[in-house]
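Have the viewer open and follow along.

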Amino acid sequence: MRVDFSVRRFPVTPELATKCGVPFSCVVQPFATPEDQGDLEEVASVNDVARCASCFSYVNCYSAFSPVGWTCSICGKANSFRTYARSRYQLPPKELALLPEVSCHAYEAAVGEPVPIAAGPNGFSGPAPVYVALVDLGAGAPGGGPEFVELVRSALEAALEALPPAALFGLITFSDKLALHDLRADAPTSRVVPLSGPHQLPVPLAEVMPLAALLAPVGAFKGRIADTLEGLMADPGCVSAPAPAAAPGSVEPMSRAADGTGGGGGAATQQQPLGPPRCRALGPALLAVLDYLRGLQQPPFVAAGARGSEGGTAGAQAIAELLPDASSPLHLMLFLSGPADLGPGRVVKPPKRATPASAGTVSVEGAAAVAQKLRELDLEEQAEQARAFLGGSAYARDTLSFYEGAAVAAASLGACVDVFAVSPGLVGLPTLEAVCNSTGGAMFLYPSADESALPQDVYRRLSGARASAGLLRVRTSHGFRPARFYGRLFPDRKYDNLHHVVACDASDTFVRALMATLVAALTNVHFNDHSDDH
């Protein structure tokens with residue numbers, strides 16, 4: 001982790017800082033190597049680094065040392081060396097100055113030992129990383145079809161090459177139904193749950209297939225997963241929503257008049273759906289899967305008793321209590337070929353115009369004219385909707401709120417959500433922006449399957465270094481106080497200036513703005529030079 005500041009010097013008084021208009025911020029890059037630490041042969045354990053008994057800050061290069069203790073540079077309190085720290089800090093001055101926390105302006109320390117993942121013939125135990133692919137197989141979108149399915153299959157095969165042997169992989173497909181695929185079975189097997197009815201699923205997914213059965217270890221089942229991907233991607237079929245009642249989360253089917261022949265004054269009309277059936281229930285599928293994945297917070301996906309701090313101060317123990325038991329890191333990959341058009345969270349809403357009706361006998365010419373009129377109205381409606389999307393006025397507030405709620409649910413699980421969309425038309429990615437931003441995920445859009453680098457991007461995304469379930473806390477001296485923050489951070493509800501990091505990689509940077517206070521002008525005028533040393 002690298003810590004840097006936006007300026008080397010800062011005005012000594014708040015008034016002067018206001019007149020200068022110079023922002024003072026702390027910039028944190030989790031995956032960057034500290035500039036002055038270099039490549040150390042041994043990284044200290046965080047439990048061995050002394051902490052202040054008053055403000056819980058760690059000892060640093062600005063701390064003053066004595067033979068029996070040290071003075072905190074943040075709060076000014078004098079601390080005596082505790083038993084566990086005496087052998088590390090009661091050294092001659094020259095040897096003490098060589099310690100990384102004393103000699104470096106920014107240094108890294110190991111939080112704890114890696115939690116082992118036990119795997120055997122009866123299963124696994126421990127926080128193995130989990131990767132779940134949620135694949136859109138809905139029809140009626142320009143980006144869908146066999147080409148999209150083949151492209152996703154290639155991307156999933158690339159994902160298997162990027163994942164470590166201990167990783168757990170699961171495959172879920174959806175249209176107006178949701179299919180859970182058993183990747184361990186000798187023959188392709190899936191269990192299907194309808195999504196086009198009422199808002200709630202008829203049965204929880206955990207009762208349809210246990211989560212431990214959905215997730216297959218890549219190392220043990222890699223060959224079988226690759227062999228069965230061919231048949232598992234077949235959609236059981238996309239049907240339109242139930243006709244009579246407009247249940248919550250469903251879409252009323254539209255119909256149009258077709259060619260009819262009649263005799264004796266009777267009217268011969270046939271009701272057919274207007275356009276392709278609406279069968280992309282992204283919202284219900286996403287919520288159902290997130291609820292399903294809550295099982296990762298229970299054994300065997302959790303290493304109980306992994307948290308805590310051996311030794312150290314009471315402050316270290318208090319912070320350790322904030323860390324949950326080591327659980328399985330979760331990466332959810334969402335593959336889309338078009339916009340959501342069914343159920344809560346739908347982007348494309350059904351037309352509300354009435355279908356022209358014909359009374360009496362309708363000639364072939366008359367029926368053809370009616371059909372032509374409907375096609376013109378349908379094309380005009382699609383063009384009008386496209387203009388609204390491009391202008392940013394088509395996304396309803398309830399749709400945006402729906403995915404904002406889904407983002408909170410995903411972040412609470414510690415899930416990183418990536419969205420991969422293949423479509424030359426509209427997909428509704430702005431509605432999913434909150435889901436990616438809130439979870440440390442990324443968003444990819446490809447105009448067509450032929451011009452897509454989806455397999456390469458998936459491999460690059462999964463093979464890179466990543467971290468999850470992190471904590472970031474910024475402490476300052478009395479002369480400053482933390483203010484605004486920038487980046488994918490979430491403030492803790494209980495502790496001030498403590499932020500949670502759902503997931504991050506080498507591209508993530510966090511910024512915390514620091515504000516000078518009146519105390520700086522009265523008691524800490526030396527702060528004008530402090531940032532020269534960071």
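## Helices α5 and α14

Where α5 and α14 touch, the α5 side supplies Leu 151, Val 152, Ser 154, Ala 155, Ala 158, Ala 159, Glu 161 and Ala 162, and these meet Leu 454, Pro 455, Val 458, Tyr 459, Leu 462 and Ser 463 of α14. Sorted by class, the residues of this contact come out as eleven nonpolar, two polar and one charged. Keep in mind that this is a predicted model.

Two packed helices are described by the angle between their axes and the distance between the axes. For α5 (residues 146-162) and α14 (residues 454-463), the axes come within 8 Å and cross at roughly 25°. With angles under 35 degrees counting as roughly parallel, α5 and α14 are therefore roughly parallel to each other. The crossing of α5 past α14 is right-handed.

## Helices α9 and α12

The other helix pair to look at is α9 (residues 282-292) with α12 (residues 397-412), packed at an angle of about 20° with axes 10 Å apart. That angle makes α9 roughly parallel to α12. Here the crossing is left-handed. On the α9 side, Leu 282, Gly 283, Pro 284, Leu 286, Leu 287 and Leu 290 take part, meeting Phe 402, Tyr 403, Ala 406, Ala 409 and Ala 410 in α12. The class tally for this contact is ten nonpolar residues, one polar and no charged ones.

How much of α9 is buried? Nine of its eleven residues are, so α9 is largely enclosed by the rest of the structure. The buried set is Leu 282, Gly 283, Pro 284, Ala 285, Leu 286, Ala 288, Val 289, Leu 290 and Tyr 292.

On to the strands. Strands of a sheet pair through backbone hydrogen bonds, either parallel or antiparallel.

If you want a residue pair to click on, Arg 2 stands opposite Gln 29 in β2.

Phe 490 has His 500 in β23 as its bridge partner.

Then there's the β10-β11 pair. Strands β10 (residues 177-182) and β11 (residues 189-194) pair in the antiparallel sense over six bridges. The hairpin that joins β10 to β11 goes through six residues. Within this pair, His 181 stands opposite Ser 190 in β11.

## The loop between β2 and β3

Two residues are worth a look in the loop between β2 and β3: Phe 56 and Ala 50. Most residues other than glycine have a negative phi, and most peptide bonds are trans. Phe 56 has a positive phi, near 70°, in a residue other than glycine. Its relative accessible area is 27%, so Phe 56 counts as partly exposed.

Is Ala 50 buried or exposed? At 5% relative accessibility, Ala 50 is buried. Setting aside neighbours within four places in sequence, Ala 50 is in contact with Ser 57, Tyr 58, Val 59, Trp 70, Tyr 84 and Tyr 89. Of these, Trp 70 is 20 residues from Ala 50 along the chain, and their C-alpha atoms are separated by 9.3 Å.

## Whole-chain numbers

Zooming back out, the protein chain has 15 helices and 24 strands. Of its 534 residues, 43% are buried. Take the contacts between residues at least 6 apart in sequence: 72% of them join residues at least 24 apart.

Note on methods. Residues numbered from 1 in each chain as written. Predicted model: local features only at pLDDT ≥ 70, side-chain atom pairs only at ≥ 80, totals over all residues. Heavy atoms only, no water. Axes fitted to C-alpha atoms, helices over the stretch in contact; angles between N-to-C directions. Helix = DSSP H or I, 4+ residues; strand = E, 2+ residues; numbered from the N terminus. Parallel < 35°, antiparallel > 145°, perpendicular 65-115°, else oblique. Left-handed = near helix turned anticlockwise from the far one by under 90°. Contact = heavy atoms within 4.5 Å. Nonpolar A, V, L, I, M, F, W, Y, C, P; charged D, E, K, R; others polar. Pairing = 2+ DSSP bridges. Buried < 20%, exposed > 50% of the residue type's maximum accessible area, 1.4 Å probe, protein only.
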